[in-house]
Amino acid sequence: MYSYDQIRTVQLAITDKCNAACPQCGRNDSGGTTNPRLPLVSMSLAEVQGIFSSRFISQLNTMIACGNYGDPIMAKETLEIFRYFRDSNDKITLSMFTNGSARTEDWWEKLAQVFTNKNGSVTFAIDGLGDTNHIYRRNTEWPVIMRNVQAFINAGGCAQWDYLVFRHNEHQVEEARALSKELGFSQFNVKKTRRFIDVNTMEYRERTPIKNNNGEIVDWLGMPENPDFRNENLGQFRGQNNTNIEYIKSHYPSFRDYLDTVKKISCAAQIDKSIYITATGYVVPCCYLATHFYNDNLVEKQRQILPILEEMGGWDVVNAKKHDLKKIIEGPFFQGHIPESWKKETFAKGKNHTCALICGKSSGSKWERFKSKYLT
């Protein structure tokens with residue numbers, strides 16, 4: 001792997017708290033009760049300063065405030081954390097992903113000032129218009145989002161719009177695109193979710209449930225009718241032919257059997273010299289490996305890094321709130337266990353399922369799309 005001094009990108013989950021309840025998100029039960037495994041914590045400015053020295057930040061090209069479970073706007077000191085990174089490195093590219101439905105206009109204007117005339121942007125996840133966005137982005141408020149978007153853009157901030165397509169909002173894609181131009185967004189990105197495919201049966205689910213906090217189904221999310229908005233890939237594939245769901249179903253007993261044929265893993269985090277740090281402080285190469293900690297949708301045989309950490313003394317051996325970041329990066333987990341797993345022939349022999357899925361020879365386009373949009 002890379003050394004501490006070679007790291008150029010930090011993806012930081014400032015918090016695992018969120019004001020929304022998106023039904024296909026791993027932080028809750030189909031939009032209902034919150035995943036009980038989540039610790040529900042946020043990074044403080046003091047913790048960030050303790051993990052990242054100004055000298056370390058000066059070597060970075062990019063800091064991305066994102067998260068598998070949380071929204072950065074829900075952490076108390078997100079603005080102050082961005083300022084710390086900017087003050088430590090005037091040239092660093094700053095980026096944030098958010099639903100945009102929290103904080104005051106003044107807060108967003110101050111955030112824009114940190115970004116103004118600098119590298120960076122905020123990506124707003126807005127999945128519809130005033131009458132539909134709340135169906136997936138549950139608990140968010142359209143007037144608040146529009147107010148905050150306008151405050152950020154008017155103050156000089158660069159904003160992008162990510163639009164997840166469902167049956168209930170597919171008819172509004174072009175109207176939303178036109179609105180994005182009117183509001184001053186720099187980019188409008190149509191996103192096709194893969195979460196209507198059951199990875200166990202390799203079958204399409206025409207709809208997935210929306211639940212309340214009592215576990216009752218109160219509505220359904222429908223897969224888009226327009227095939228142009230459907231994601232036919234069971235995994236993230238790098239432009240390979242015959243790797244869509246129908247091909248895999250006809251040639252392999254299961255998706256896991258297909259992934260077991262991946263012979264080469266080319267780690268995108270290693271190539272881009274990036275790390276991902278959870279709100280609890282755990283350091284892993286990427287956000288995908290971070291799902292091993294709290295994602296209830298992963299079966300135990302996919303949580304492959306957890307037994308490794310337990311054998312090393314527990315999860316905290318990679319916790320940057322408790323151990324020096326340099327020692328973690330240059331320790332046995334990063335320099336030994338992870339890269340060694342890429343050399344294994346099969347899952348039974350220790351090949352990492354997540355690494356094969358995201359960075360296997362036939363996979364990785366999700367990372368490539370992310371990198372091309374936000375890291376270049």
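Which helix gives the largest share of the lining of the largest cavity, and how many residues come from that helix?

Analyst: The model discussed here is a predicted one. The largest share of the lining of the largest cavity comes from helix 15, which gives four residues. Helix 15 spans residues 353-359, and helix 10 (268-272) and helix 11 (287-294) are the other elements that give two or more residues to this lining. In total, 15 residues line the largest cavity. Those nearest its centre are Cys-267, Cys-286, Cys-355, Ile-358 and Cys-359. The space inside the largest cavity is about 120 Å³. By class, its lining holds 14 nonpolar residues, one polar residue and no charged residue.

Ile-277 counts as buried because its relative accessibility is 0%, and the cut-off for a buried residue is under 20%. Although Ile-277 and Ile-14 are 263 residues apart in sequence, their C-alpha atoms are 8.4 Å apart in space. When neighbours within four places in sequence are left aside, Ile-277 is in contact with Gln-11, Leu-12, Ala-13, Met-43, Ile-51, Phe-52, Tyr-282, Val-283 and Leu-325.

The buried residues of helix 14, which runs over residues 332-341, are Phe-333, Phe-334, Gly-336, Ile-338, Pro-339 and Ser-341. They pack against strand 11, strand 12 (283-284), helix 11, helix 12 (305-312) and helix 13 (325-329).

Another covered element is helix 3, residues 78-88, in which eight of the eleven residues are buried. These are Thr-78, Leu-79, Ile-81, Phe-82, Tyr-84, Phe-85, Arg-86 and Ser-88. Their packing partners are strand 1 (9-12), helix 1 (45-51), helix 2 (54-57), strand 2 (62-65), strand 3 (93-98) and helix 4 (105-115).

Helix 4 in turn packs with helix 6. In general, two packed helices are described by the angle between their axes and the distance between the axes. Here the axes of helix 4 and helix 6 come within 8 Å and cross at roughly 35°, and the crossing is right-handed. Helix 4 makes the contact through Glu-105, Trp-108, Glu-109, Leu-111, Ala-112 and Phe-115, and helix 6 through Arg-147, Asn-148, Ala-151 and Phe-152. By class, six of the contact residues are nonpolar, one is polar and three are charged.

Arg-103 lies in the loop between strand 3 and helix 4; its phi is about 80°, although it is not a glycine. With a relative accessible area of 27%, Arg-103 is partly exposed. Asn-139 lies in the loop between helix 5 (133-136) and helix 6 (142-154), and its phi is likewise positive, near 80°, in a residue other than glycine. Asn-139 counts as exposed, at 56% relative accessibility.

Two further loop residues are covered. Val-165 is placed in the loop between strand 5 (159-164) and helix 7 (173-183), and it counts as buried at 0% relative accessibility. Its C-alpha atom is 6.5 Å from that of Phe-229, a residue 64 places away in sequence. Beyond neighbours within four places in sequence, Val-165 is in contact with Glu-170, Val-173, Val-190, Lys-191, Thr-193, Pro-224 and Phe-229. Met-202, in the loop between strand 7 (197-198) and strand 8 (203-204), is buried with a relative accessible area of 4%. The C-alpha atoms of Met-202 and Glu-80 are separated by 45 Å, and the two residues lie 122 residues apart along the chain.

Notes. Residues are numbered from 1 along each chain as its sequence is written. This is a predicted model: local features need pLDDT of at least 70, side-chain atom pairs count only at pLDDT 80 or more; totals for chains, interfaces and linings use all residues. Side-chain values use heavy atoms; hydrogens and water are left out. Buried means under 20% relative accessible area, exposed over 50%, partly exposed in between (1.4 Å probe, protein chains only). Contact means heavy atoms within 4.5 Å. Axes are lines fitted to C-alpha atoms, for helices over the stretch in contact, and angles run from 0 to 180 degrees between N-to-C directions. A crossing is left-handed if the near helix is turned anticlockwise from the far one by less than a right angle, and right-handed if clockwise. Ala, Val, Leu, Ile, Met, Phe, Trp, Tyr, Cys and Pro count as nonpolar, Asp, Glu, Lys and Arg as charged, and the others, Gly among them, as polar. On a 1 Å grid over the protein atoms alone, a cavity is a set of points where a 1.4 Å probe fits but cannot get out, and a pocket is an open set with protein on both sides within 12 Å along at least five of seven lines; lining residues have an atom within 4 Å of a point. Grid points are joined across faces, edges and corners, and a volume is the space filled by probe spheres set on the points.
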